[in-house]
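Hi everyone, thanks for coming. Please have a look at it first.

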Amino acid sequence: SKTPAKPGDVVLDVAGLDVAGEHGEESVRDISFQVRAGEILGIAGVQGNGQTELCEALMGLRPSTGSVRLNGVDLGHSSTHSRLLSGIGYIPEDRQEDGLVGDFSVAENMVLDVYDQPPYASRFALNLSAIRDGAASRVREYDVRTSSINTPVSTLSGGNQQKVIVARELGRDVKLLLASQPTRG
């Protein structure tokens, strides 16, 4: 829905979620929870106890059974791209493996999840000036230390790489932000 959630509205509703791990073992079993507008839900535990698998399942990166609803809309069969477009922002656990394309510039990494959407693209072409302008604005706003928006993101420090991901995800209309190990870097 295009209407912003009001405080107290259920934004994320997860019911009976089961998620398999890397080797078919059950990593998440029958988990249910809700996140309301304005709330922060933290899931803590020893590394390897299902937190990564839960985030990946919520993003559509890992198969799961159960129900995942964003603002009342069932995302159960939605692709990762559809989930991003529906308003989920994602800060992955491993920024270099899952969050960035190291050989791409800072500017290109800023639009990885919306490169095909206005104002960054029209039906037939990328809008390079909009990509540059958006990246320059986010670099300033998030204090990303780089010599240029054209610099390959792999040359940035870990902290500045993390800032690129945070700027990208918060620089668009997000209704829910999933952050796995957000303070790394």
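Predicted model: local features only at pLDDT ≥ 70, side-chain atom pairs only at ≥ 80, totals over all residues.

Residues are numbered from 1 along each chain as its sequence is written, and side-chain values use heavy atoms, with hydrogens and water left out.

When I say helix or strand, I mean DSSP runs numbered from the N terminus: H or I of at least four residues for helices, E of at least two for strands.

Now, which residues of β6 are covered and which are uncovered? L176 and L178 form the covered face, while L177 and A179 form the uncovered one.

Next, the helix α1. Why can we call α1 largely enclosed by the rest of the structure? Because seven of its eight residues are buried, where buried means under 20% relative accessible area, exposed over 50%, and partly exposed in between (1.4 Å probe, protein chains only). The buried residues of α1 are Q51, E53, L54, C55, E56, A57 and L58. Their cover includes β1, β2, β3 (64-70), α2 (80-86), β5 (88-91) and β6. After α1 comes G60, whose phi is positive, near 80 degrees. For contrast, look at R140 in helix α5 (residues 128-141): R140 is exposed, with a relative accessible area of 62%.

On to the nonpolar cores, which are sets of buried Ala, Val, Leu, Ile, Met, Phe, Trp, Tyr and Cys residues joined through side-chain atoms within 4.5 Å. The largest has 22 residues, and L12, L17, F33, L58, I88, L176 and L178 touch the most other members. Two or more residues each come from β1, β2, α1, β3, β5 and β6, and β1 gives the most, with five. Apart from this core lies another, of 19 residues, among them V111, V139, V153 and I165.

Finally, the largest pocket, with about 830 Å³ of space. On a 1 Å grid over the protein atoms alone, a pocket is an open set of points where a 1.4 Å probe fits, with protein on both sides within 12 Å along at least five of seven lines; lining residues have an atom within 4 Å of a point. Of the 37 lining residues, the closest to the centre are L41, L176, L177, L178 and A179. β1 (10-20), β2 (26-36), α1 (51-58) and β6 (176-179) each supply at least two residues of the lining. Which element gives the most to it? That is α1, with five residues.

Conventions. Points joined across faces, edges and corners; volume = space filled by probe spheres on them. Contact = heavy atoms within 4.5 Å.
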